[in-house]
Amino acid sequence: MTIPSHTDAAPVPTGVPGLDGILAGGYAANRAHLIEGRPGSGKTTLGMQFLLDGAKQGERCLYITLSESRRELLSVASRHGWSLDGVEIFELVPPELSLDPHQQQSLVHSSDLELGETVRMALAEIERVRPSRVVFDSLSEIRLLSQGSLRYRRQVLALKSYFLLNDATVLMLDDLTSEQDDLNLHSISHAVIRLEQVVPAYGAERRRLTVTKMRGTAFRGGYHDFVIQRGGLRIFPRLVAADHHSSFAFEAIPSGIDELDTILGGGLSRGTSTLVVGPSGAGKSTLALGYLWAALERGEPGLMISFDETTGILMQRAKGVGFDLMPHVEAGRLHIEQIDPADVSPGEFAGRVRDAVEQGEAKVVLIDSLTGYLNAMPEQPFIVLQMHELLTYLNQQGVVTILILAQHGMVGPMISPIDLTYLSDAVVLLRFFEADGRIRRALSVVKRRTGAHEDTIREFRIDSQGLRVGPPLEQFRGVLTGVPTFGGQRASLLGERETDNDSGR
């Protein structure tokens, strides 16, 4: 193996997807970094990924453990599909925990040693291996042996100084078993990274990371969601739309339905977001599918995120109104993400959208619905900020974004769970109305930033052949109230097709 000559404090890759971007390139070379978090937050896995990345590059790597045995660490690695070949493991654990008489590493019962002897043995192992990357797991054992905050701080400071003299990049793990020492090491650490695990009232736990300190580096602050999956941690950096720009041509995207495109001033504009709002069953999803289908037929890749329907039901319903999505899914043009709001954090959701746009080159993104996204938010007051960043990012990538928001109520006054109309570039309003003893559907465009649009209210219908949009309802008054007054001829309403199976959502 070779020992790399890292420039002092230069970025060293972390081995964790997403973390290098947060730390402006990685950990600082030849510095000590404090990784703190409660048990189960992912510290050990993060440390292993750091060492495995170094081993792949031919660096000498050392894992010093006072809390887990080599056998336990190998078990954790195997579950992630890793091999720890090339990573030295030095454990200070009771000998009875290991039944292998042929293992190469030392076994020392730390509770039978004085603090000074424990630290000296760790330093001796560092001297023997001469590692460029070190993980020290964990400082809580040193804290217990120190029996006092002053002695604890001095011992950790001695470790840090020794690491610096030996040009090692170090991660010191702390499980925060003693709250009074929570901030004791922050001042002597080059960087402080905290991992947190939040358990909501319902659903899977949410994990997040924040960098509270990193000297001389413009790191990305705030909380960043992450998941622990087979293969290790994957971090979803907080989306900052200002960091993502791309050039694209502004143009109208038609749906293929002349009347619908007419009321929208030619269609949806590339690089804009459109909010389709209305009661349940009014046809929001089908109308949005019309634009997605037209884009797919033109050969443009698309992403559909479904919070409310299973993929099977979605495919069947789309086929029932003339949109057979299966050929596009099989061709790789359409990617459908079925998301359970109880299991996906907002950061992971934004990460999936980014992957589809940056790797899958999606040109149309349909989110059905924002009501499901709202339920996925553990902190609802911040949904507007999250959506602002996501929509701005998609707009800057030239993506046509279609958002669906279900309103409470069926006929009469409607209530939205959240107001996102000011964030959207266009707003399409759907309503039920009563005429001749039948419930009918009406649509109107109430906002379009990128150009002119009709201010009329038109009837539309959904059948097995797709969408139909009628002429303006000029002879009606009060259509949006649900109970209009009719003062014209019956012929102004849409009639039945020969094989009209009326359906919608």
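This passage describes the overall make-up of a predicted protein model and a selection of its local features.

The protein contains 13 helices and 24 strands. Of its 505 residues, 54% are buried. Among contacts with a separation of 6 or more, 70% are accounted for by residues 24 or more positions apart. Several of the features described below likewise concern residues that are separated along the chain, as with the pair formed by Trp293 and Phe323, whose parts lie 30 residues apart in sequence.

Helix packing was examined for H5 and H6. Helix H5 spans residues 139-146 and helix H6 spans residues 149-165; the two pack with their axes 8 Å apart and at an angle of about 135°. The crossing of H5 past H6 is right-handed. On the H5 side, the residues that take part are Leu139, Ile142, Arg143, Leu145 and Ser146, and these meet Arg151, Tyr152, Gln155 and Val156 of H6. Ser138 belongs to the loop between strand E6 (133-137) and H5.

A cis peptide bond is also found between Asp368 and Ser369, where omega is about 10°. Ser369 is placed in the loop that runs between strand E17 (364-368) and helix H12 (370-376).

Ala24 has a phi near 60°, a positive value in a residue that is not glycine. This residue, Ala24, is located in the loop between helix H1 (19-22) and strand E2 (27-28). With a relative accessibility of 42%, Ala24 is partly exposed. Asn30, which is not a glycine either, has a positive phi of about 60°. Asn30 is situated in the loop between E2 and strand E3 (32-37). The relative accessibility of Asn30 is 7%, so this residue counts as buried, the limit being under 20%.

A pair of aromatic rings is described by the distance of the centres and the angle of the planes. Five aromatic pairs were counted in the model. In one of them, the ring centres of Phe248 and Phe250 are 4.9 Å apart and the planes stand at 55°, so the pair is tilted. Phe248 is partly exposed, with a relative accessible area of 25%, whereas Phe250 is exposed, with a value of 65%. Trp293 and Phe323 form another tilted pair, with 5.7 Å from centre to centre and 35° between the planes. Trp293 is part of helix H8 (residues 284-297), while Phe323 is in the loop between helix H9 (311-320) and helix H10 (326-330); the pair therefore ties together parts that are 30 residues apart in sequence. Both members of this pair are buried, Trp293 at 18% relative accessibility and Phe323 at 8%.

The charged end of Arg208 is positioned over the ring of Tyr223, at 3.7 Å from the ring centre. Arg354 lies over the face of Tyr393, with a distance of 5.8 Å to the centre of the ring.

Two further residues illustrate contacts between parts separated in sequence. Thr311 lies in helix H9 and is partly exposed, with a relative accessible area of 28%. Its C-alpha atom is 6.4 Å from that of Gln338, although Thr311 and Gln338 are 27 residues apart along the chain. When residues up to four places away in sequence are not counted, Thr311 touches Ile336 and Gln338. Ser345 is located in the loop between strand E16 (334-338) and helix H11 (346-358). In contrast to the partly exposed Thr311, Ser345 is buried, with a relative accessible area of 6%. Apart from neighbours within four places in sequence, Ser345 is in contact with Arg206 and Asp225.

Key. Residues numbered from 1 in each chain as written. Predicted model: local features only at pLDDT ≥ 70, side-chain atom pairs only at ≥ 80, totals over all residues. Heavy atoms only, no water. Phe/Tyr/Trp six-rings, centres within 6.5 Å; stacked < 30°, edge-to-face > 60°. Buried < 20%, exposed > 50% of the residue type's maximum accessible area, 1.4 Å probe, protein only. Helix = DSSP H or I, 4+ residues; strand = E, 2+ residues; numbered from the N terminus. Lys NZ or Arg CZ within 6 Å of the ring centre and 35° of its normal. Axes fitted to C-alpha atoms, helices over the stretch in contact; angles between N-to-C directions. Left-handed = near helix turned anticlockwise from the far one by under 90°. Contact = heavy atoms within 4.5 Å.
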